[in-house]
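Reader: I am new to this structure and would like to learn how to read it. Could you walk me through it?

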Amino acid sequence: MTIPEAKLVCRNVWKLFGAEAEEFLVSHDGHPDTDAIAAAGLVGAVRQVDLDVHEGEIFVIMGLSGSGKSTLVRLMSRLIEPTGGDVLFKGENLLKASQSRMIEIRRHQMGMVFQHFALLPHLTVLDNVAFPLDIQGMDRAAREARAREMIELVGLAGKESAFPRQLSGGQQQRVGIARSLAVEPEIWFLDEPFSALDPLIRREMQDEFMRLQTKLHKTIVFITHDFDEAIRLADRIAIMKDGEIVQAGTPEEIVLTPATSYVAEFTRNVARAKVIRTRSLMKDAQGDEENGARISARANIAEAAPLFLDGAPHLGVTDDDGRVIGRLDREAVVSLMLQG
Amino acid sequence: MAMSGAPLLEPETAQVSRRPSRLPVAWLVAIAVFVTFWLYGKPLFPAAFDYPKAYVIKLAKWISSAMKWLINEASFGLFSFTDLTRFISAVLDVPYTLAASLLSTGFLEGSGSSAIQLLPPLPWIAVIGLVMLLGHWLGGMRLSLLAGGCFLFLAVFGQWTSAMITLASILVAAPLGVVFGLLFGVAAWRWHWVERMVMPLLDLMQTIPVFAYLVPVLFLFGFGPTAAVIATLIFATPPMTRISILSLRAVPSEITDLGHMVGCTERQMTWRVMVPAARESLMVGMNQVIMLSLNMVIIASMIGAGGLGFDVLAALRRLDFGAGLEAGFAIVALAIAMDRLSQAAAEKLSAPSPDTQASGLVARHPYLVAALALLIATTALGYVIPGIRTYPEALQLSTGTFWSEVVAWININYFDTLEAIKNAMLINVLIPFKRFLGDLPWLGVTVFLGFAGYRLGGWRLGLLTLCLPLFIAATGQWEKAMITVYLCGISALFASLIGIPVGIIAATRDRLWSWVQLAIDTLQTLPSFVYLMPAVMLFRVGDFTAMIAVVAFAIAPAIRYTALGIRKVDPKLIEASRAMGCTEWQILTRVRLKLALPEILLGLNQTIMFALSMLVITALVGTRDLGQEVYIALTKADTGRGLVAGLSIAAIAIIADRLISAGASRARHRLGLE
Ligand SMILES: Nc1ncnc2c1ncn2[C@@H]1O[C@H](COP(=O)(O)OP(=O)(O)O)[C@@H](O)[C@H]1O
Ligand SMILES: [Mg+2]
């Protein structure tokens, strides 16, 4: 595998809320400890965060409420001005960008989905989805055509002239998703997009989200407080606590080797079969997998297991484009399932 | 607060542990010092009792000279100040003349009695039809009938011409008030420095009584309907500004983030995201502006607004109760129609309207087409049948004589009873209280208020509550201010004594509460002028009459806040108390009232504010307080005198407001509600 390039990089990023936070940070050599921050009456919402988001991956930031996730994702698009550090987007330092350059970048290269949908109540579904394009000054025919396409994509065709308040929560969030995708963003931020939804709907939306991603291959920063959701969706996870990232890695790494007892608390009740991907257990293809049952490389072992019920000795493992890239043997699955 | 999580079920223990034990001691000492000073200080410090004349600041004179200078000499280089005021008048005169011509006078050539009518005003049937169409569009059949009924009432009882003059002023002032208020609000939301400038001004303008606005307006813009429109604008814009700021601030932060994320420029952010997102609460502001405009247009009859307000005013001066009541009822009808229509408009316009796919003019704009058809038909018919153009006089009902007779009958049969009530109240309550307040040393009161402010809200509040009474004394208005305090205090007391129990009784009974709510909502839409008439009718002029009118006006907030406070108490708490074996009485006194206390205090605050604003208007029935000062200033166009008295009333309002708010917030802390 080639190492994908980093699309978005955070270097030693800090956000302290409160008066004269910048002077405070400088006077503590850029690394104040928690006690000093508290003593100064500041809130350390994001502290010393280093991370890089790769091209085409789903990067999940997981943490409990108040751990600084929303603040961090807003620092990445400079909706919130960092107290210290650098944010690089495609190699460009966002913090040095002018106001008009930021408007340019946000208009054409970034999309964001919000926890409470943030739909404009006075606009129809169609106008909501077309809104970012309208702001850019695109003419009506072109933007409505594009908006209809997006509405179709998220499965809301026929609801174009409805108003947000007439839709269910799940439908509203589909509108939010369609709107954020309308500008074909290069990076897609989702701040707890499914947290306000009922569990069943949430599950459905997660599947929908994965379906979209296999089609679109976006670079994604996905925020959640739900560890199960994180391991279901993530290529890589960063776990936040009190503004710091306590561990970052693939779901497998995190479940198999939690860095701290705090992380271990989350992973304790997670069945390994639900975390480990077929990609990690597969062996090289031998050429005879084409005719048997197949499974996606992204799927986890728990999803693969039922396919062995009809006695097949192995499954073909396919990539996002459906090409066979390896095989999954029955014995490997059985021994993993037995470990619990 | 750290204690916010404290269990609500143990207010007693929580209170004991949190209340600093030295507080009552400090209060007791302060009160003792104050009383001692009051009883024995007079021979030693006479100046503390009567503010020395030599030290009175001649603020009123200075202001008056400044205004004279403004009018006679001030100039901005290219044009003088008078040019500016003339220009503003001229600009506002255009829409006003248009509205008045359409609704009432017709289009005239020339002026005065030699004027020739070129075009008649809209036929009365057309106006009623338009109002009904509007009602139907906004709220369906019921609203249509209600609004039409109210306007028909105006025609049938012979109030049409006056009512249309009043309506014309509102049609000009209210939309402008909404637009200006929104613009100021947006500016304050967008630029911090504007907010810092505007907010204190808004606070002040809210407490200065309406009469006080009229004086400088009269001085600068003269007497007449245009000046009245300007006064109305000045009066109605601040609340809209405040509501705009609040609504914009209340827009969820996610929406703001969205605006930035899609790359809005500042202008797009304001007009494409924030204002539309705040539409719902902005519409509430619109309703308020309309109702405030109505109130002010009525009051502005004193500077020449004409219309219904003038009719009431003239009737009051003649003590012609019949005519006054008729005009009063007409105001009520107009107020109800405008309130319901604008509420429906707020609802309709804040809910998004679906695109209509229909084609053809009639199908797409049915109401517009119907309105045009109605206009053309009635105007044309009006040339043939005069009864369509103006309501036929033969069909007018006059209740004026009827009401006069009712009043006469009451006076014949109940004169002694009413007189006895009035005198008993005056001798036993009002006059002693007035004397008591009049005797207090101004210096003692000032220092004591400063102390109270310091104890309740820290040194800044203390400084404020020290300086404001000082201002009143130093400008030589202490005595009149004390009369204001006495009338306002006694009225607020009675309003609370009646309103709080009513609130308590209504709060726990849903059916009753919905009726009471309807009653106080309606009472609150009525312009303050309306309250004077019945009071004068029964008790003639004087302090007692003023008190009755003020109590009637100020009772609504006392009821409302009490009931809302009690209804807000967590039902689980009531259940828990019941489970612990509390009697209903204990639940009421130990749980409900205790937890509703902050809310009731806010209600008291509002009651006092309402009382003060009404008190000024009761100057018309011969009180001798600051309100009378303003009224006299108004009749003499003495800007300085009016403004200084107005500012003093504002000072009283601010002192009461800040002290009670500080007390309420302490109570909330103590109860763990904050
Ligand atoms: N504008 C702000 N001012 C002060 N403190 C803030 C502000 N926004 C967030 N915080 C604080 O920063 C911390 C992180 O908040 P947030 O990023 O919203 O957490 P999360 O999204 O993980 O729930 C919280 O303690 C919150 O109270
Ligand atoms: Mg959050």
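Author: Gladly; we will go from a sheet to the domains and then to the chains. Please keep in mind that this is a predicted model.

Reader: Let's begin with the sheet. In what order do the four strands of the open sheet in chain A stand?

Author: First the general idea: strands of a sheet pair through backbone hydrogen bonds, either parallel or antiparallel. In chain A the order is β2-β1-β4-β5, and the pairing is antiparallel.

Reader: Which strands of chain A stand at the edges?

Author: The edge strands of chain A are β2 (43-54) and β5 (92-93). Each has a single partner strand, so one side of each is left without a neighbour in the sheet.

Reader: How many bridges link β4(A) and β5(A)?

Author: There are two bridges between β5(A) and strand β4, residues 84-89 of chain A, and these strands run in the antiparallel sense.

Reader: Which strands does helix α3 of chain A lie across?

Author: Helix α3 (residues 69-76) lies across β1 (6-17), β2 and β4 of chain A. Its direction makes an angle of about 55° with β2(A).

Reader: Now the domains. Where are the bounds of domain 1 and domain 2 in chain A?

Author: Domain 1 of chain A takes in 53-86 + 97-272, and domain 2 takes in 274-339. Their C-alpha centres lie 29 Å apart. Where they touch, domain 1 of chain A gives 15 residues and domain 2 of chain A gives 10 residues.

Reader: What is the area buried between domain 1 and domain 2 of chain A?

Author: As a general point, the size of an interface is often given as the accessible area lost when the parts come together. For domain 1 and domain 2 of chain A, that area is about 1,100 Å², and carbon and sulfur atoms give 50% of it. On the domain 1 side, Thr214(A), Glu252(A) and Arg272(A) supply 48% of the area buried against domain 2 of chain A, more than any other three residues.

Reader: How many salt bridges does the rule find across the interface of chain B and chain A?

Author: Across that interface there are three. One is formed by Arg165(A) and Glu280(B), whose closest N and O atoms are 3.8 Å apart. Asp134(A) also forms a salt bridge with Arg272(B), and there the closest N and O atoms are 2.5 Å apart. Asp134(A) lies in helix α5 (residues 125-136) of chain A and Arg272(B) in helix α11 (residues 266-277) of chain B, so this pair joins two chains.

Methods: Residues are numbered from 1 along each chain as its sequence is written. Chains are lettered from A and ligands numbered from 1 in the order in which they are written. This is a predicted model: local features need pLDDT of at least 70, side-chain atom pairs count only at pLDDT 80 or more; totals for chains, interfaces and linings use all residues. Side-chain values use heavy atoms; hydrogens and water are left out. Two strands pair if DSSP finds at least two bridges between them. Contact means heavy atoms within 4.5 Å. Axes are lines fitted to C-alpha atoms, for helices over the stretch in contact, and angles run from 0 to 180 degrees between N-to-C directions. Domain bounds come from an automatic or database domain assignment. Buried area is the accessible area (1.4 Å probe) that two parts lose on being put together, summed over both. A salt bridge is a side-chain nitrogen of Lys or Arg within 4 Å of a carboxyl oxygen of Asp or Glu.
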